[in-house]
Structures are given as C-alpha cells and as structure tokens.
Amino acid sequence: MTAQIREVVDVLKVPPSAAAILMREHKWAKERLFQAFFDNPEKVQEKCGVKARCSCGSGGDEKVAKTSSKNRATRSASKRKHCEICMDDDGFDPDEMISMPCGHEFCETCWYGFIHNALDKGPLCVRETCPQAGCNELVTEEEVARAAPDLLPKFETYQLRSFVETYGMTRWCPGPGCEQVAVARASGGAFADAGGVARCEKCSTSFCLKCGEEPHAPINCRELALWQEKCRNESETANWILANTKPCPKCSSRIEKNQGCNHMTCSSCKFEFCWICMGDWTQHGADTGGYYKCNKYDPNASNDNDQSDAAKAKRELDRYLHYYKRFHGHSQAQEFAKKSLKETEARMVALQEQNVDTVWTDVEFLKTANEQLVECRKVLKYTYAFAFYLQDADKRSRFEFHQEMLEKFTESLSELSEKPLHEMNRTEVVNQVSIVFIDCVIVLGG
Amino acid sequence: MHGNLGAAKRLRKELQHLEKNTTHQDDIYLRPTSSSSLLHWTALLRGPPDTPYAGGVFQLSIQCGTEYPLAPPTIAFQTRIFHPNVHFTTGDVCLDILKKEWSPAWGLQAACRAVLALLSDPDASSPLNCDAGNMIRGGDECGYWGTAEMYTVENAMFIDWPE
C-alpha cells in the first residue's frame with residue numbers, strides 16, 4: 001500500500017494523504033487514476049474531495065494558496081477565532097484551532113469530538129468530509145493525527161481495511177479470528193479461473209484469492225457461486241431425499257455412515273456395498289475387474305422419450321441430484337477426514353510405541369496420508385460441481401474417466417489408512433498417496 | 001468533553017442567538033419545548049407562499065441526542081401534511097442533510113430552513129409518501145396541489161404565530 005501511494009505521489013505531485021484518497025476512489029487502479037488525472041486534474045481532485053489539499057502542496061497553485069492563507073492569517077490576528085461547532089463566545093487562540101486544507105477551522109475540542117464520533121460510525125469514517133456544511137474536502141490521517149492522536153491507530157486500521165477490501169489484488173484471510181492479508185503478486189496469472197490459491201502463513205487456512213472460498217479447483221469461481229446458490233435453493237428437496245441414514249440395500253436396516261470410506265459393510269447382514277450407489281461392492285473393486293461406476297450419470301437410465309415438461313423437470317432434478325449426492329458425500333467424507341487428523345496423531349504415537357526401533361519420521365506417513373485424503377475429498381467434491389456445468393460430451397467423458405480413477409484410488413487410500421494398526425502396511429499407504437497425488441494433478445490439469 | 005455537556009452548551013448558544021434575532025416577520029419560530037430540557041425543541045414553520053402549504057403553520061418536534069451537533073437532530077412534523085418527503089402518519093422527514101449530509105456546523109435553525117426549502121421544492125424521486133410522490137412523478141400537479149392544499153386547510157390553520 002505504501003509503495004503504491006509513493007508512486008502516485010511521485011507521478012502526480014500531490015501530498016501522500018491526497019494520493020491515498022485518489023487511489024481509493026479509483027479502486028487502487030493506478031493506470032485508471034493516471035489517465036483520469038491527466039485528462040482533467042481539477043475535476044478528479046474535486047470529485048475525490050482533495051482539491052484544496054492538492055493545491056496547498058507543491059505545484060503551480062502554491063501562490064494562490066499562500067496568499068489566501070495570508071489573508072486569513074491577517075484577518076484573524078486582530079481577533080480571537082470563532083468555532084462554528086461549539087459557538088463559544090470567548091473564541092479561541094489561533095493555536096487552539098485546527099484547520100482543514102480548505103481553510104475551515106474548528107477548535108481542538110470539537111475536532112476531537114467530531115473524529116471520535118466519525119470513528120464510532122465504523123468503516124465509512126475514511127470518507128468523512130470537512131465538518132463545514134457543504135464542503136466536500138475529505139478528512140485524512142493528517143487531521144486525525146493533529147486533533148486526536150490517540151485515535152490515529154483506529155483510523156489507520158479502517159484505512160487499511162478499506163484498502164484491502166477495495167483493492168482487487170488483496171483479500172483478508174478467511175480463517176476465524178485471523179488478521180493476515182493476502183496479496184496476489186502478478187496481475188494476470190494469479191487471477192486466472194480456479195487459480196490463485198493462497199495459504200495463510202499464520203493460521204494455515206487455504207483459500208481462493210478471487211472469491212475467498214475454500215480452494216475449489218477444477219470448478220471456477222463463477223460456477224462455484226452458481227452451484228452453491230443452486231444447492232441452497234434445492235436443499236429442501238435434497239435434504240428430504242438425502243437423510244443422514246440409508247437403508248441397507250439387502251436387509252433395510254438403517255445405517256449411519258461414521259467413517260470416511262464408501263465401502264460399507266452392513267453390521268446386521270454383513271452385506272458389502274457402495275455407499276454412493278448402494279450397489280454390491282464386488283462390482284466396484286479393481287480386483288474383480290469391474291470399474292468404479294459411481295461417478296457417472298447416465299441420462300438413458302431413466303426413460304428420456306417422454307418430452308413432457310414434468311418429465312423434463314424430473315430429469316433435470318435427477319441430473320442435479322446425481323451430482324449433488326456425490327458432492328455432498330465427498331463433502332461429508334472431507335469433514336470426517338479433517339476430524340480424524342487429530343485421531344491420526346494418537347494413532348501415530350501408538351504405532352511408534354508398537355516397535356521400539358521406530359522413530360517419529362517413520363510414522364509420519366500416516367499424517368501425510370490423512371492430509372492427502374482431505375485434499376482428494378475436496379477436489380472430488382468440486383469435480384462433481386464442475387461436471388454438472390460441463391456441457392461438452394467429449395470433454396465430459398474424458399473428465400469423468402480421470403475423476404473415476406481419482407475416486408477409485410481415494411477410496412482405497414481411505415480404506416488403507418483406516419485399517420487397524422497391526423495390519424498397517426507403510427509401503428502400500430505411501431504408494432497410494434503418491435498415486436492419488438498424481439491423479440489429483442491430472443484431474444485439475446484436464 | 002463532548003457528550004451531554006457539549007450539546008447543552010451549544011444549544012444554549014443557539015437559543016441566545018435566536019432570542020436576540022427573532023422578529024414577528026420570520027417564517028421560522030424555534031424554541032425549546034420546555035424549560036427543563038434543551039434537547040427537545042418545538043418549531044413552527046410558515047408554509048411558503050406559492051406552494052399548496054401557503055397560509056398554514058406547521059409544528060415540528062425536534063429531538064437532539066447528546067451527540068448533537070456531531071450527530072443530526074431528529075425532526076418530525078406534528079401537524080399532518082401531504083408532502084412526498086414527509087411520512088403521512090408519523091411525520092418523519094426524509095432529508096439528506098438530516099441524515100448523512102449533516103454537518104456539525106449546521107444549527108437547528110439551518111435544519112428548519114432546510115425543511116422549509118423542502119416544502120417549496122419536493123423531491124418526488126425518494127418519497128416517504130408514495131401517493132404524493134406518484135402524483136408528482138405522474139405529472140398530476142393539479143391533483144398533488146389540490147390534495148396538499150386540502151390537508152393544509154384541514155390541519156394547519158389552527159396555530160397562532162407567537163408574539
């Protein structure tokens with residue numbers, strides 16, 4: 001921020017306090033400000049409320065400003081000054097008065113009250129104008145520093161906040177209670193769709209620089225917003241359909257899923273099935289030669305010869321539910337995986353204690369696996385929102401192929417890392433982690 | 001220093017100034033409602049000539065907060081009036097200088113003068129009284145004028161101007 005202001009001071013020859021305002025009013029877009037300023041400096045200064053401030057500084061207007069202030073000085077030297085806010089009869093010594101660049105003066109006490117009151121109004125205080133009626137000269141840190149030095153930090157906090165919020169290249173860290181600011185470095189690259197992921201150094205929250213949401217590749221910010229809006233609108237229906245429990249496809253006992261993996265075993269009839277499609281698990285595993293068929297929506301599965309509006313609407317809802325169910329499933333699995341990060345630490349300690357020779361780095365693979373799992377679930381979650389908006393059939397089938405691979409390996413990683421400790425095979429887990437990592441990269445690249 | 005003390009001190013100054021400079025010809029009469037508090041004032045306005053409010057005397061209630069003059073006073077019509085920027089039942093006034101354009105260098109008299117200017121020059125684009133606003137926007141000057149005049153005669157002809 002300081003660097004930007006310095007550049008404007010150098011180029012436009014205006015005081016720093018005015019430069020900050022000019023930049024803010026132009027949303028910190030230097031080029032736009034320069035262009036507007038060189039077209040018509042008077043108009044820009046007037047509009048932004050820094051006209052008097054700029055003319056008392058350096059430049060050709062200096063003489064005018066000096067003579068007028070001399071006039072004021074001689075006029076007020078003869079008598080004590082009058083403050084239009086408190087209208088005190090006795091008046092004030094000139095050094096008890098604080099004046100704005102526009103020449104309007106008020107007593108110190110009123111100035112303090114005025115600034116105190118302005119700060120109480122909140123973030124808008126950075127746009128406070130001269131107390132004189134009809135004067136649009138803006139109050140800056142210079143006046144605050146003179147009239148209420150103790151309130152200056154608060155004022156500067158608001159200035160910074162306004163900078164971060166209006167400047168397109170910065171964003172507050174969305175982590176709860178975190179006050180870090182993220183700055184995008186390059187103007188083009190970082191703002192590419194689904195790019196620009198930032199990670200806070202302080203609280204290690206990751207977020208998208210553009211929209212402030214959790215990183216959501218492969219879907220872009222606009223479609224993510226559409227998807228979230230749609231999910232909110234449809235949530236009543238979706239909630240009704242997606243209760244927290246599902247009946248076992250074989251014996252119909254209600255089952256609550258409380259661990260991350262989609263490979264379910266009914267506790268009463270021992271039937272193994274996939275939580276997403278409720279189909280027999282034997283058709284899913286790579287070892288049976290079958291594919292993991294859960295990520296594809298087949299519009300032909302329902303009768304699409306029926307062209308009536310009701311049927312169309314139903315098909316559209318089915319299509320949405322197909323993606324939403326999977327989005328929701330991975331979203332919950334992501335939450336489970338996040339929660340189990342803590343348990344993982346305990347498991348790491350237990351695993352280390354099993355064998356006297358094991359050192360901490362030998363068990364760290366568990367944590368890596370868990371973190372990778374969270375990442376995979378997150379990516380998978382957004383692939384379904386992405387696929388919902390993917391129109392091109394060719395692209396979709398290619399995308400779904402990679403999605404399928406990622407899903408398959410994620411499931412097996414989930415399964416491997418949830419195994420009881422004595423069955424834990426480090427090499428297997430480590431291999432699986434590198435496989436899903438590569439898959440993630442492929443899905444995001446395609 | 002600011003707060004209740006500042007408000008009372010400033011309002012006392014305004015009152016002194018008013019008592020020195022009031023004449024019977026003024027179109028604004030402004031005094032504290034009771035001697036017990038300087039924060040609550042009553043104002044009388046003469047309806048401006050060449051408006052449907054001419055001949056009427058309108059009573060305003062003015063409430064100053066302890067933050068006055070840093071925060072604007074709250075002004076409401078006590079006399080019923082048909083005007084696009086005045087709420088027909090509550091009497092609330094919609095005027096930018098009483099909201100975000102307020103300046104501590106304004107006084108109560110200036111605020112009243114602004115209300116008076118609003119009577120001569122209604123702003124139909126941001127109405128509190130939609131019926132009045134729609135008449136003006138729809139070009140029905142005659143309907144607006146007639147209705148406003150009727151309410152002036154009905155409600156604003158009963159207060160005598162104080163000596």
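How many helices and strands make up the secondary structure of chain B? Chain B has four helices and four strands, where helices (H or I, at least four residues) and strands (E, at least two) are DSSP runs numbered from the N terminus. This is a predicted model, in which local features need pLDDT of at least 70 and side-chain atom pairs count only at pLDDT 80 or more, while totals for chains, interfaces and linings use all residues. Residues are numbered from 1 along each chain as its sequence is written, and chains are lettered from A and ligands numbered from 1 in the order in which they are written.

## The two chains

A residue is buried if 20 or more other C-beta atoms lie within 10 Å of its own, exposed if 12 or fewer, and partly exposed in between, with C-beta atoms placed from the backbone.

| Chain | Secondary structure | Buried residues |
|---|---|---|
| Chain A | 14 helices and 10 strands | 30% of the 446 residues |
| Chain B | four helices and four strands | 36% of the 163 residues |

Two residues are in contact if their C-beta atoms, placed from the backbone, lie within 7 Å. Among contacts in chain B between residues at least 6 apart in sequence, 56% link residues at least 24 apart. In chain A, residues 24 or more positions apart account for 54% of the contacts with a separation of 6 or more.

The contact between the chains takes 14 residues from chain B and 12 residues from chain A. On the side of chain B that touches chain A there are seven nonpolar, three polar and four charged residues. In this classing, Ala, Val, Leu, Ile, Met, Phe, Trp, Tyr, Cys and Pro count as nonpolar, Asp, Glu, Lys and Arg as charged, and the others, Gly among them, as polar.

## The sheet of chain B

Along the sequence, the elements of chain B follow the pattern α-β-β-β-β-α-α-α. The four strands form an open, antiparallel sheet in the order E1-E2-E3-E4; two strands pair if DSSP finds at least two bridges between them. Strands E1 (28–34) and E4 (74–77) of chain B stand at the edges with a single partner strand each, so one side of each has no neighbour in the sheet. On average, neighbouring strands of this sheet are turned by 25° against each other, direction ignored.

E2(B) and E3(B) run antiparallel and are joined by seven bridges. Strand E3 (residues 57–63) of chain B is also joined to E4(B), by four bridges and again antiparallel. Gln63(B) takes part in both pairings: in E3(B) it is the bridge partner of His40(B), and its own bridge partner in E4(B) is Thr74(B). Ile62(B) has Ile75(B) as its bridge partner in E4(B).

In a regular strand the side chains alternate between the two faces of the sheet.

## Cys94 of chain B

The UniProt annotation "active site", from an unreviewed entry, covers Cys94(B). UniProt positions are given in the numbering used here, feature names are shortened, and annotations may be inferred rather than shown by experiment. Cys94(B) lies in the loop between E4 and H2 of chain B. Cys94(B) counts as partly exposed because it has 17 C-beta neighbours inside 10 Å. Leaving out residues up to four places away in sequence, Cys94(B) touches Asn85(B), Ser126(B) and Leu128(B).

Helix H1 (residues 2–12) and helix H2 (residues 16–25) of chain A pack at an angle of about 105°, with their axes 9 Å apart. Axes are lines fitted to C-alpha atoms, for helices over the stretch in contact, and angles run from 0 to 180 degrees between N-to-C directions. H1(A) and H2(A) are therefore roughly perpendicular to each other, a term for angles of 65 to 115 degrees, while those under 35 count as roughly parallel, those over 145 as roughly antiparallel and the rest as oblique. Residues of H1(A) in this packing include Ile5(A) and Leu12(A), and those of H2(A) include Pro16(A) and Met23(A). The contact of H1(A) with H2(A) has nine nonpolar, one polar and no charged residues.

His26(A) is in the loop between H2 and helix H3 (30–39) of chain A. His26(A) is buried, with 20 other C-beta atoms within 10 Å. Not counting residues up to four places away in sequence, His26(A) touches Arg32(A), Leu33(A) and Ala36(A).
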